[in-house]
Amino acid sequence: MPSPAHSRLSPPPRLLMGPGPINAYPRVLNALSTQLIGQYDPVMTGYMNDVMALYRQVFETGNQWTLMVDGTARAGIEAVMVSVIEPGDKVLVPIFGRFGHLLTEIAERAGAEVHTLEVPWGEVFEPEVIEEALARIRPKLLATVQGDTSTTMLQPLEHLGSLCRKYDTLFYCDATASIGGNPLKVDEWGLDAVSVGLQKCLGGPSGIAPITLSDRFVKTIRRRHHIEAGIRTEDDTDALGPRIRSNYFDLPMILDYWSEKRLNHHTEATSMLYCARECGQVLLEEGLDASIARHRVQGDAMLAGLIAMNLKPFGDLRHKMNNVCAVYIPEGVDGEAVRSTLLNDYNIEIGTSFGPLKGKVWRLGTMGYNARTDAVLVTLAALENTLRRAGHTLTAGAATDAAYQVYQNAEQGMTP
């Protein structure tokens, strides 16, 4: 018998209904298996240009510098932050969940003087609170999260861009968990830099990070432009700013790689580029508004079913993300035992949370390929049966009935 290390891959057929990652669209998986070509093959550089054009539409921007950073969503975050932050720069981070703390740590590692704002998990910031801090601190960068899956909350962004212009601050947002399922209007809202990943509403695997950068942001980071020895010519000169501390995440060098110069920086992650291209096509073929509406309806149906199961929702529902919700684990119910039963008996994965919410809530996502009616109904039915057998008081069938009511209302054009 071969050892497990030598056996063929055969993962179980999980339905990933947690906060992400989720099951990829089948056509994205097909793209992943497409044969490789050279990184400077004209077909390959054509695909790179295709991806830039596709994601300008995904981000709703005219930004020339809309491209990919090879690595997970965190790679995009780090590339943006280490490229713009110089030691001693002031950075403001509003924290309303785990990923605000991540932005804080990355900014600190880049040598920033970091100032933070915090609200209790389950809440978001009013623009007046952020404006007061901008006026007081005068930071170089406002670094935000749009949708934080640790709390399921969606921070409103539409008023922050004008405030950043008022106080001469660059505006960056990590929108990994929200893009494709919630509105994100980069140009209209005045965002200078946005980074995301594929593994949430875009319906792909983790491993490449789409980013978009405004001209204002690019002008700032170009001060630190550097060309490596070995590809430098006698006509090349470095910029005056301090060299970016990361080579791999040096955005000015990555921009040279994605420009018509095609200056060598790294070997493009070809298979992940194929996936990003396919994810962008899937989203745009459906339409941004249609995708957001689908995520909203499926998210509303999931939440309605959970409430009908006698579960209490977490957080300020006025600011809940369309694509993920959280409910408190009922008193007397072993939350991990329920998750284990769903995983092992039903092949369905749901999530817990971090920090102050660890062991207190379940998080259920309806994202990308899994933002569909059958996935929601099967998850609700499985959770209802598992909770009933665990002794939780509920009305059998109420969860799926509540979800069906949401679908009926949506078909009739009614607000749930």
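Predicted model: local features only at pLDDT ≥ 70, side-chain atom pairs only at ≥ 80, totals over all residues.

Trainee: OK, what does Lys 185 form a salt bridge with?

Mentor: With Glu 60, and their closest N and O atoms are 3.6 Å apart. Lys 185 sits in the loop between β8 and β9, and Glu 60 in the loop between α2 (42-58) and β2, so the pair ties together parts that are 125 residues apart in sequence. Those labels are DSSP runs numbered from the N terminus: helices are H or I of at least four residues, strands are E of at least two.

Trainee: Is Lys 185 buried, exposed or partly exposed?

Mentor: Lys 185 counts as partly exposed, at 24% relative accessibility. Glu 60 also falls in the partly exposed class, at 30%. Buried means under 20% relative accessible area, exposed means over 50%, and partly exposed is in between, with a 1.4 Å probe and protein chains only.

Trainee: What about the backbone at Glu 60?

Mentor: Glu 60 has a positive phi of about 55 degrees although it is not a glycine. Asp 168 has a positive phi of about 55 degrees too, and isn't a glycine either. You'll find Asp 168 in the loop between α6 (160-166) and β8, and it counts as exposed at 60% relative accessibility. For context, most residues other than glycine have a negative phi, and most peptide bonds are trans.

Trainee: Which peptide bond is cis?

Mentor: The one from Gly 20 to Pro 21 is cis, with omega near 5 degrees. Pro 21 is in the loop between β1 (15-16) and α1 (26-32).

Trainee: Back to charges. Which residue does Arg 136 form a salt bridge with?

Mentor: Glu 132, with the closest N and O atoms 2.9 Å apart. Both are in helix α5 (residues 127-137), and being 4 residues apart they are separated by about one helical turn. There's also a network of salt bridges linking Glu 86, Asp 89, Lys 140 and Arg 223.

Trainee: Now the sheet. What's the strand order?

Mentor: It's an open sheet of 7 strands, ordered β2-β10-β9-β8-β5-β3-β4, with mixed pairing. Two strands pair if DSSP finds at least two bridges between them.

Trainee: Which strands stand at the edges?

Mentor: β2 (65-70) and β4 do, each with a single partner strand, so one side of each is left without a neighbour in the sheet.

Trainee: How do β2 and β10 run?

Mentor: Antiparallel, joined by 6 bridges. Trp 65 has Leu 213 as its bridge partner in β10. And 6 of the 6 residues of β2 are buried: Trp 65, Leu 67 and Val 69 point one way, while Thr 66, Met 68 and Asp 70 point the other way.

Trainee: And at the other end, how are β3 and β4 joined?

Mentor: By 6 bridges between β3 (residues 90-95) and β4 (residues 113-118), which run parallel. The chain gets from β3 to β4 through helix α4 (residues 98-109), and this β-α-β crossover is right-handed. Right-handed means that, with the strands pointing away from the viewer, the path from the first strand over the helix to the second runs clockwise.

Trainee: Last topic: which residues touch the most other members in the largest nonpolar core?

Mentor: Tyr 55, Leu 184, Leu 213 and Leu 251, out of 89 residues. A nonpolar core is a set of buried Ala, Val, Leu, Ile, Met, Phe, Trp, Tyr and Cys residues joined through side-chain atoms within 4.5 Å. Apart from that core lies another, of 30 residues, including Leu 311 and Trp 362.

Key:
Residues numbered from 1 in each chain as written. Heavy atoms only, no water. Salt bridge = Lys/Arg side-chain N within 4 Å of Asp/Glu carboxyl O.
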